[in-house]
Amino acid sequence: QRGAAGTVQPQPFSFEAREAAKPKTIARQRLEVDLMRRREEEERHLRQSFRANPVPPSTFLHLYRNAERRAARDAARDVKASSQRRPHSAASGHQSAHHHPTPPVP
């Protein structure tokens, strides 16, 4: 800048002022847009209310008790299944229609 007598008035040099005077590069513009989008998304996420689901009661049960219950249930199922089976006897002579007796070997 020139003074009243036409002399140049010295101005302190500033890198920030020099950078601000330059046009922004495309990469810088994209970076600023991306940062702005991230900030907006983070703010939107922070405004969103969160309500957790209740903790399931099974979380508080002891694993050993669960294993005992499972073993008792499996044993009861096995007992019931074995009581419903018909006993097999080879001496009964009762053969199914699909059974083909093997001829005696001479």
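Buried means under 20% relative accessible area, exposed means over 50%, and partly exposed lies in between (1.4 Å probe, protein chains only). The model is predicted: local features need pLDDT of at least 70, side-chain atom pairs count only at pLDDT 80 or more, and totals for chains, interfaces and linings use all residues. Residues are numbered from 1 along each chain as its sequence is written, and side-chain values use heavy atoms, without hydrogens and water.

**Exercise 1. Which pattern does the protein follow along the sequence, and what share of its residues is buried?**

Step 1. Take the elements from DSSP runs: helices are H or I with at least four residues, strands are E with at least two, numbered from the N terminus. The protein has 3 helices and 0 strands.

Step 2. Read along the sequence. The pattern is α-α-α.

Step 3. Check burial. Of the 106 residues, 0% are buried.

Step 4. The accessible surface is about 11,300 Å², and carbon and sulfur atoms hold 56% of that.

**Exercise 2. Classify the aromatic pair: what are its geometry and its partners?**

Step 1. Apply the rule. Rings of Phe, Tyr and Trp (its six-membered ring) pair if their centres lie within 6.5 Å; planes under 30 degrees apart are stacked, over 60 edge-to-face, the rest tilted. The count is 1 aromatic pair.

Step 2. Name the partners. F13 and F15 sit 5.0 Å centre to centre, with 85° between the planes, so the pair is edge-to-face.

Step 3. Look up accessibility. F13 is at 59% and therefore exposed. F15 is at 53%, so F15 is exposed too.

**Exercise 3. How many salt bridges does the structure hold, and which residues are linked in a network?**

Step 1. Apply the cut-off: a side-chain nitrogen of Lys or Arg within 4 Å of a carboxyl oxygen of Asp or Glu. The structure holds 5 salt bridges.

Step 2. Start with E19 and K22. Their closest N and O atoms are 3.7 Å apart. E19 is partly exposed because its relative accessible area is 46%. K22 is partly exposed, also with 46%.

Step 3. Move to helix α2 (residues 26–47). D34 and R38 both lie there, 4 residues apart, about one turn of the helix. Their salt bridge has its closest N and O atoms 3.5 Å apart. D34 is partly exposed at 32%, whereas R38 is exposed at 55%.

Step 4. Find the network. E32 bridges to K24 at 2.9 Å between the closest N and O atoms. E32 is partly exposed, at 32% relative accessibility. Salt bridges link K24, R28 and E32 in a network.

Methods:
Accessible areas come from the Shrake-Rupley method with a 1.4 Å probe; for residues, only the protein chains shown count as cover.
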